[in-house]
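This report describes contacts within and between the chains of the structure shown below.

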Amino acid sequence: MAYESDLELGDQVYHHETARRWLLSAAYTDSKLWEAREKDPQNLAVLANTMDRTYDRNLPVSSLTVSRFVDNISSREEVDQAEYYLYKFRHSPNCWYLRDWTIHSWIRQCLKYGAREKALHTLKNKVQYGIFPDDFTFNLLIDSYIKDGDFKSSCSVVEEVMLQEAFDLPSTQILSLYALGSYLATRPQLTVAEERGLGASLLLCGLKQDNTVGLSAQLLGNALLGKVEMLKGIHAVFKGMPLFWGRGYLGRALAVMEKAACCEVKLSKDTLDYMNDLLQELSSTSDSDSGEESGGDEDKKENAVDEDDQAEQAKLPQYASRFKELSSQLESQGKVDSASFQALVTVLAQQNLAAVEKPDLEQYNSRIQAWESEKRQLIQREKEMREKAEQEKQERLAAKAAAQQA
Amino acid sequence: MVKKKRLRLIAEMARKIRAYRELKSRPRESQKYALDYETMRRPHTGKMLPVLAWQDVRRESRLFSLLAGMRMFGVGRLFTRKSWLEEHTEPSYWQITKVKVDYTSENMDHGKAWGVLTYKGKQESEVKEVDKAVYHDWRLVPKHMEQQFTDFEPLPEPPVRYVPYPPLLRAMLLAQQKKTTGSIVTKEPSLPLQRDVLLNKDYFRKLEQERQRTEGTLV
């Protein structure tokens with residue numbers, strides 16, 4: 001793991017012990033509170049049968065049935081069955097009413113029975129399964145991936161958080177920045193789509209934090225998105241993502257640097273290096289492109305590229321020179337922090353994570369209470385409706401018997 | 001002297017059954033608005049989309065393509081249209097309040113939405129159905145841009161200009177005034193160059209309703 005390298009040997013043992021505490025504490029990820037709710041034991045086969053029959057008769061299935069099914073999962077195969085029923089529920093008229101606690105318990109059950117990839121798969125296809133977890137659930141999922149060192153999957157979860165624009169809790173922000181920083185520190189080869197996702201998550205997460213980490217994240221995010229914009233055009237950047245449609249992401253990255261120059265905040269060195277490499281790469285590709293363009297079948301491609309995108313590409317040398325100016329200015333002002341982005345994030349996490357976990361836990365408690373009361377209300381309502389249906393059936397039978405006798 | 005009309009009960013029943021069956025089998029939104037992106041045709045009617053829209057259809061997304069991937073189908077979020085962004089500098093957007101999704105669609109991609117429109121900076125007062133939700137024109141306003149997007153300082157409206165009436169109409173007005181008040185000392189009648197009432201479908205429908213209410217029945 002990258003954080004081991006920038007510590008002295010003497011500290012290694014200490015940090016191994018406290019390593020777990022950097023991320024979410026045991027109290028946060030503990031499932032005791034969740035297990036302590038009142039159980040509603042139901043036979044899964046019976047529930048499945050009821051649901052199948054209701055779907056066959058084209059009647060709507062209630063969200064209570066689905067939530068009972070997900071709550072009573074007890075093995076890995078049943079996780080697959082629950083996935084099927086979640087899919088069916090999403091494609092039924094009641095898809096709006098999928099409850100928050102059902103989604104939360106689905107993710108918890110997946111983590112419990114080792115079906116984390118399944119949870120990630122349903123999260124990625126949230127359109128088909130309707131899984132929109134809340135902040136606490138996102139934190140749990142990201143944390144479980146970070147603890148196992150699987151930074152790529154944790155980055156995909158962070159992308160999902162970005163698509164929901166759910167970076168409200170500071171704990172979520174810290175965790176996502178940690179995941180992103182660790183992933184980038186492994187220097188992976190990124191495709192254009194991955195770059196876009198990473199850039200967007202860095203940008204949206206960085207906008208919420210007002211310190212070195214936040215600004216560096218914004219800078220990196222804008223730089224990555226600017227690269228995608230140069231290569232593929234602005235429409236490829238914001239389609240399907242909650243991003244601004246205005247051109248000039250590299251310009252906005254430079255604006256972040258200017259902001260750092262005039263305010264109290266520093267920027268981390270490796271983000272500036274990264275941006276430098278990026279700009280050089282882009283200039284070299286654009287030079288080679290303009291050298292090769294001579295054939296007639298290049299005309300078609302030029303028509304496809306928008307005029308405004310071409311104007312943007314023409315600004316690239318301007319951006320490169322402005323970047324050199326600004327980075328030298330920042331270095332002279334001493335605003336460049338030599339620690340790596342990931343080291344900064346780990347420091348931030350160490351300082352703040354324990355503090356921000358507490359209000360989260362309290363909110364989680366109150367939320368569980370609210371969910372419990374809502375569930376009880378639903379069960380009550382279902383019972384009443386069943387009794388009423390029974391009563392009406394009895395009356396009808398009595399009326400029919402009376403009519404037959406007469 | 002017309003012969004008495006025969007009571008065709010079975011035909012009546014058949015008519016009702018046919019109407020019911022047509023109601024039950026009417027095409028869903030997902031079937032009606034499905035689109036083949038290669039040939040730009042709608043499979044339901046076989047019609048082709050207008051050529052000027054092809055580039056937009058390839059590049060942009062429909063409202064529900066955006067709503068399907070959002071928590072609670074994007075209720076409470078703001079959505080703009082690319083054509084509004086290009087035409088008007090003042091912000092125009094819909095804030096979604098209610099969504100009815102067509103659950104038979106593959107990616108929950110179709111349906112109807114209701115919301116409050118803010119057109120060119122002026123917010124309307126009531127919830128209406130989102131017009132042209134099937135157009136490939138929609139963009140989500142990200143949360144971090146919402147404040148910047150909706151900040152709008154309306155320019156002060158220029159003062160209403162007044163114009164003299166045409167001579168015949170002016171003479172008629174003055175004659176009527178003389179009949180009612182008996183004096184010609186009033187100031188020059190002038191016509192304000194401002195339309196108080198927007199003459200659209202809603203206005204005429206409301207007029208009809210008002211007239212029906214006041215007139216009552218014919219007899």
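## Salt bridges within chain A

In this predicted model, A:Lys118 and A:Asp80 form a salt bridge through their side chains, with an N to O distance of 2.8 Å. The two residues belong to distant parts of the chain, 38 residues apart: A:Lys118 is in helix α8 of chain A, whereas A:Asp80 is in helix α6 (residues 76–90) of chain A. A:Lys118 has a relative accessible area of 19% and is therefore classed as buried, the cut-off being under 20%. A:Asp80, at 34%, is partly exposed.

A second pair consists of A:Lys227 and A:Glu195, whose closest N and O atoms are 3.0 Å apart in a salt bridge. Because A:Lys227 lies in helix α14 (residues 212–232) of chain A and A:Glu195 in helix α13 (residues 192–206) of chain A, the pair ties together parts that are 32 residues apart in sequence. Both A:Lys227 and A:Glu195 are buried.

The salt bridge between A:Arg386 and A:Glu382 has an N to O distance of 3.3 Å. Here both partners lie in helix α21 (residues 341–405) of chain A, four residues apart, or about one turn of the helix. A:Arg386 is exposed, with 54% relative accessibility, and A:Glu382 is partly exposed at 21%. Over all chains, the search of the whole structure finds 35 salt bridges.

## The surroundings of A:Thr122

Helix α8 (residues 116–124) of chain A also contains A:Thr122. This residue is buried, with a relative accessible area of 0%. The side chain of A:Thr122 makes a polar contact of 3.3 Å with that of A:Trp106. When neighbours within four places in sequence are left aside, A:Thr122 is in contact with A:Glu83, A:Trp106, A:Tyr129 and A:Ile131.

## The two domains of chain A

Chain A is divided into domain 1 (22–133) and domain 2 (163–288 + 302–353). The centres of these domains, taken over C-alpha atoms, are separated by 37 Å. Six residues of domain 1 contact nine residues of domain 2.

About 680 Å² is buried between the two domains, with 72% of this area on carbon and sulfur atoms. On the side of domain 1 that touches domain 2, there are five nonpolar residues, no polar residues and one charged residue.

## The interface of chains A and B

The contact between the chains takes 26 residues from chain A and 27 residues from chain B. The buried area is about 2400 Å², of which 59% comes from carbon and sulfur atoms. One salt bridge is counted between the chains: B:Arg77 pairs with A:Glu165, and their closest N and O atoms are 2.5 Å apart.

Nine residue pairs are in polar contact across this interface, both residues being at pLDDT 80 or more. On the side of chain A that touches chain B, α9 (126–129) and α15 (234–238) of chain A are the elements that give two or more residues. The most, three residues, come from α9(A). By class, this side of chain A has 15 nonpolar, five polar and six charged residues.

## The loop at B:Gly76

B:Gly76 is located in the loop between α4 (63–68) and β1 (78–81) of chain B. With a relative accessible area of 37%, B:Gly76 is partly exposed. B:Gly76 and B:Thr97 are 21 residues apart in sequence, yet their C-alpha atoms are 5.8 Å apart in space. Not counting residues up to four places away in sequence, B:Gly76 touches B:Gln95 and B:Ile96.

Key: Residues numbered from 1 in each chain as written. Chains lettered and ligands numbered in written order. Predicted model: local features only at pLDDT ≥ 70, side-chain atom pairs only at ≥ 80, totals over all residues. Heavy atoms only, no water. Domains from an automatic or database assignment. Contact = heavy atoms within 4.5 Å. Buried area = accessible area lost by both parts, 1.4 Å probe. Nonpolar A, V, L, I, M, F, W, Y, C, P; charged D, E, K, R; others polar. Salt bridge = Lys/Arg side-chain N within 4 Å of Asp/Glu carboxyl O. Polar contact = N/O pair within 3.5 Å; in protein donor to acceptor, adjacent residues only side chain to side chain. Buried < 20%, exposed > 50% of the residue type's maximum accessible area, 1.4 Å probe, protein only.
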